[in-house]
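Okay, thanks for coming, everyone. Let me put the structure up and then talk through a few spots in it.

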Amino acid sequence: MRKHSEKAERRKERLYNIIFESDTPEGKAFDVILMVCIALSVLIAIFGSAITAEWAKRTVFFLEYFFTAFFTVEYILRIYCSRNPKNYIFSLFGIIDLLAILPMYLGFIFPKIQYAIVFRVLRLVRVFRILKLFNFLTEGNILIRAIVSSWRKIAVFFSFVVILVICLGTLMFMVEGGQPGSQFDNLPNSIYWAVVTLSTVGYGDIAPVTPLGRFLSTIIMLLGYTILAVPSGIISAEFIRGQNVSINKRCSNCGRAGHEPEARFCKYCGAAFEDDAHLMD
């Protein structure tokens, strides 16, 4: 019985190395096969929505369920061989893996939701692990921290924009409303036009017909170019500040700074960093 248990543990450990690790030939081969299956399933889902021939629809239907079955077995095996199944299930990758298979099963109840299987493309993030690119994600982490740090400023700016488009839409309604051929016949349409114009999208479905209205439109469009630069400037400033801070991790042993954010040891004295919450310049 004990021998059987040890054999099962060895089999489980080998399965873990194949599925979760990419340092072995078997792990690399599994990851490559997985990436190919993900890419094929996404392409089939995308182009399958445009197919009209019955035989092609049946083929797409079969392939979609084949890939769903494959990903379902893979998900179950990940839970089985994981060293901490609960951590995997509620991790980012675990949630993404579940979302990759759930739409097809929910499709029996809500047919349209089947197209959500295109979100399987999120699983291609694992290519970073395969190609050993996670060390290059530090810049991405700095950008995320910059966005989080600046959300209050962006929220204030967004509130200002909402107030501005309401005022501009009302102003255009006062100028254009009631004019022959004008589509500014109510405030919601006018505010919608203000949003489209201020964002420089310009669908053209609503346009002013009076000279004063066109003049105001020109001012609003020019104002839109200025406003669009504000959130970019806020995030860029936080990004630069985050970079300056992240490269100045200070060693608590010798007190010298200038370390990279992912550094685990001081490059001057060799002392190990206790955690990521060290004093920074």
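Quick convention before the tour: buried means under 20% relative accessible area, exposed means over 50%, and partly exposed is in between, with a 1.4 Å probe and protein chains only. This is a predicted model, so local features need pLDDT of at least 70, side-chain atom pairs count only at pLDDT 80 or more, and totals for chains, interfaces and linings use all residues. Residues are numbered from 1 along each chain as its sequence is written, and side-chain values use heavy atoms, with hydrogens and water left out.

Let's start with charges. How many salt bridges does a search of the whole structure find? The search gives 4, where a salt bridge is a side-chain nitrogen of Lys or Arg within 4 Å of a carboxyl oxygen of Asp or Glu.

One of them pairs Glu13 with Arg83, at 2.6 Å from N to O. Glu13 sits in helix 1 (residues 2–20) and Arg83 in the loop between helix 3 (54–81) and helix 4 (85–89), so this pair ties together parts that are 70 residues apart in sequence. Helices here are DSSP runs (H or I, at least four residues), numbered from the N terminus. Glu13 is partly exposed, at 33% relative accessible area, while Arg83 is exposed, at 58%.

Now look at Arg78. Its side chain meets Glu74 in a salt bridge of 2.6 Å, N to O. Put together, Glu74, Arg78 and Asp97 form a network of salt bridges. As for burial, Arg78 and Glu74 are both buried, and so is Asp97.

Last stop, Thr210. You'll find Thr210 in the loop between helix 9 (187–198) and helix 10 (211–246). Is Thr210 buried or exposed? Buried, because its relative accessibility is 12%. Its side chain makes a polar contact of 2.4 Å with the side chain of Glu176; that term means a pair of N or O atoms within 3.5 Å, where within protein one must be able to donate a hydrogen and the other to accept it, and residues adjacent in sequence count only if both atoms are side-chain atoms. Leaving aside neighbours within four places in sequence, Thr210 is in contact (heavy atoms within 4.5 Å) with Val175, Glu176 and Gln179.

Note on methods: Helix = DSSP H or I, 4+ residues; strand = E, 2+ residues; numbered from the N terminus.
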